[in-house]
Amino acid sequence: MSFSRRSFLVTAGAVLTAQAVQRSATAATTVDTRFTPREVGSPTAKIVVEEWFSLTCVHCAHFAENTYPQVKKNLIDTGKIRYVFHDFPTDQLATVAAMVARTLPVDRYEAFCASLLASQDRWAFNREGNPHDELKNMAAFAGMPADVFEKAITDQPLMQFILNEQNQAQTKYGFDSTPTFRFNDKVQVSSAISYDEFVKNLAQAS
């Protein structure tokens with residue numbers, strides 16, 4: 001999905017620097033998981049694939065439905081690659097959805113995002129429904145209480161974190177559409193690529 005970076009940032013508001021909250025309890029440090037990486041696969045895999053995606057992007061949904069299941073089965077679950085998800089919302093609704101996804105326990109992030117991408121017509125593009133209510137219902141199905149949901153969608157530090165990460169990626173890599181992939185930080189592709197194309201890019205980045 002192509003987007004206007006300037007218009008999106010104006011709509012979202014000014015981006016401020018967000019910091020994760022850390023508290024000491026005896027000798028241990030508690031990490032706020034809202035701000036931690038979202039990744040799957042072997043941490044020692046020689047190849048790292050990163051995906052920047054928007055939850056309201058139809059091309060991201062196409063990749064998630066048609067290519068990612070094969071990637072997960074053949075490459076992630078077998079330990080061949082480590083896969084890193086990056087939130088790159090292309091509109092305000094996608095930002096709110098990403099905030100909700102990151103508020104869930106880390107181990108529910110991947111499945112929840114997959115569910116949102118698979119049902120965009122229900123919550124993102126349903127003109128007869130209320131996106132807020134539909135998103136709230138899906139979050140509840142994923143185990144998020146109503147009060148936690150309401151806090152999540154107004155979580156300013158989390159929103160600022162997501163937008164800061166997006167802005168940094170935009171500046172560093174020059175993204176102009178989603179989904180965008182980087183293979184081992186060598187090969188960059190912006191397209192809902194097929195599984196064969198995915199494997200071909202892996203070979204180039206190895």
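Predicted model: local features only at pLDDT ≥ 70, side-chain atom pairs only at ≥ 80, totals over all residues.
User: Why is α4 called roughly parallel to α7?

Analyst: The axes of helix α4 (residues 92-103) and helix α7 (residues 131-141) cross at roughly 20 degrees and come within 11 Å. Angles under 35 degrees count as roughly parallel, so α4 is roughly parallel to α7. The crossing of the two helices is right-handed.

User: Which residues make the contact of α4 and α7?

Analyst: On the α4 side they are Leu93, Val96, Ala97 and Val100, and α7 brings Pro131, Leu135 and Ala139.

User: What makes the contact of α4 with α7 nonpolar?

Analyst: Ala, Val, Leu and Pro are among the types that count as nonpolar. The contact of α4 with α7 therefore divides into seven nonpolar, no polar and no charged residues.

User: Why is α4 called roughly antiparallel to α5?

Analyst: Helix α5 (residues 106-118) packs on α4 at an angle of about 150 degrees, and the axes are 9 Å apart. Angles over 145 degrees count as roughly antiparallel, which means that α4 is roughly antiparallel to α5. This crossing, of α4 and α5, is right-handed.

User: Which residues of α4 and α5 meet, and how do they divide by class?

Analyst: Ala97, Val100, Ala101 and Arg102 of α4 meet Tyr109, Phe112, Cys113 and Leu116 of α5. By class, there are seven nonpolar, no polar and one charged residues. Arg counts as charged, whereas Tyr and Cys count as nonpolar. Ala97 and Val100 of α4 take part in the contact with α7 and also in that with α5.

User: What makes up the contact of α2 with α3?

Analyst: Phe63, Ala64, Glu65 and Asn66 of α2 meet Tyr68, Pro69 and Gln70 of α3. The contact divides into four nonpolar, two polar and one charged residues. Glu is among the types that count as charged.

User: How much space lies in the largest pocket, and which residues are the closest to its centre?

Analyst: About 300 Å³ of space lies in the largest pocket. It is lined by 19 residues, of which Trp52, Phe85, His86, Phe161 and Glu165 are the closest to its centre.

User: Which elements supply the lining of the largest pocket, and which gives the most?

Analyst: At least two residues each come from β3 (38-41), β4 (47-53), β5 (81-87) and α9 (156-173). The most come from α9, with seven residues. By class, the lining has nine nonpolar, three polar and seven charged residues.

User: What is the omega of the peptide bond from threonine 178 to proline 179, and where does proline 179 lie?

Analyst: Omega is near -5 degrees and the bond is cis. Proline 179 is in the loop between α9 and β6 (180-183).

User: What is the phi of asparagine 184, and where is its place?

Analyst: Phi is near 55 degrees, a positive value in a residue other than glycine. Asparagine 184 is placed in the loop between β6 and β7 (187-190).

Technical notes:
Residues numbered from 1 in each chain as written. Heavy atoms only, no water. Axes fitted to C-alpha atoms, helices over the stretch in contact; angles between N-to-C directions. Helix = DSSP H or I, 4+ residues; strand = E, 2+ residues; numbered from the N terminus. Parallel < 35°, antiparallel > 145°, perpendicular 65-115°, else oblique. Left-handed = near helix turned anticlockwise from the far one by under 90°. Contact = heavy atoms within 4.5 Å. 1 Å grid on protein atoms, 1.4 Å probe; cavity = no way out; pocket = protein on both sides within 12 Å on 5 of 7 lines; lining within 4 Å. Points joined across faces, edges and corners; volume = space filled by probe spheres on them.
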